Amino acid sequence: MKRVIVVSMIVIFWACNTDDDKTEDPVFCTLEARPGIEVRVKDASDEMFLVEGVEIVITDGDYKETLTSFSDNNTFFGAYERTGTYSIEVSKNGYQTYTSTAVKVDKDICHVITENLEITLEKI
């Protein structure tokens with residue numbers, strides 16, 4: 001029985017390593033989900049990061065998402081593993097609302113390629 005298993009494993013490994021496979025190196029992708037968009041928001045007058053009360057909404061056609069941030073970070077994240085061309089709207093009470101031009105998120109063989117943006121808001 002052990003010989004059958006060993007022979008079967010050798011055949012499987014041999015079949016997976018044919019000459020056709022030698023033209024490219026294997027690609028090993030991680031299982032993590034990467035954000036397509038990361039946004040940092042600053043106050044235009046003092047360049048301090050703004051997080052509290054900031055709302056960032058991204059839109060791509062019918063798709064709409066409000067970005068989230070984590071308490072230990074000044075960055076908002078969204079569009080996890082989602083390509084597209086996004087419009088980004090940033091708002092906060094006491095500041096002028098900012099709307100971006102088109103931001104395109106592409107992907108490589110494994111994940112989206114994160115677009116990092118820094119947006120400055122002007123006080124009203």
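## Exercises on strand β5 and its surroundings

In β5, S69 has F76 as its bridge partner. Strands here are DSSP runs of E with at least two residues, numbered from the N terminus. This is a predicted model: local features need pLDDT of at least 70, side-chain atom pairs count only at pLDDT 80 or more, and totals for chains, interfaces and linings use all residues. Residues are numbered from 1 along each chain as its sequence is written, and side-chain values use heavy atoms, with hydrogens and water left out.

**Exercise 1.** Work out how β5 is joined to β4 and to β1.

*Solution.* 
1. Recall the rule: two strands pair if DSSP finds at least two bridges between them.
2. Take β4 and β5. Two bridges join them, and they run antiparallel.
3. Find the link. A hairpin of five residues joins β4 to β5.
4. Turn to β1. Five bridges join β1 to β5, again antiparallel.
5. Name partners. E38 has F77 as its bridge partner in β5. V39 has F76.
6. Recall the background: strands of a sheet pair through backbone hydrogen bonds, either parallel or antiparallel.

**Exercise 2.** Is T75 buried or exposed? Describe its surroundings.

*Solution.* 
1. Locate T75. It is found in strand β5.
2. Set the cut-offs: buried means under 20% relative accessible area, exposed over 50%, partly exposed in between (1.4 Å probe, protein chains only).
3. Apply them. T75 is buried, because its relative accessible area is 7%.
4. Five of the six residues of β5 are buried.
5. List contacts (heavy atoms within 4.5 Å). Leaving aside neighbours within four places in sequence, T75 touches E38, V39, R40, T68, S69 and F70.
6. Check the side chains. Those of T75 and R40 make a polar contact at 3.4 Å.

**Exercise 3.** Which residues touch the most other members of the largest nonpolar core?

*Solution.* 
1. Define the core: buried Ala, Val, Leu, Ile, Met, Phe, Trp, Tyr and Cys residues joined through side-chain atoms within 4.5 Å.
2. Pick them out. Of 19 residues, I37, V39, V41, I56, I88 and V90 touch the most other members.
3. Trace the elements. Those giving two or more residues include β1 (35-43), β5 (75-80) and β6 (84-91).

Note on methods. Helices (H or I, at least four residues) and strands (E, at least two) are DSSP runs, numbered from the N terminus. A polar contact is a pair of N or O atoms within 3.5 Å; within protein, one must be able to donate a hydrogen and the other to accept it, and residues adjacent in sequence count only if both atoms are side-chain atoms.
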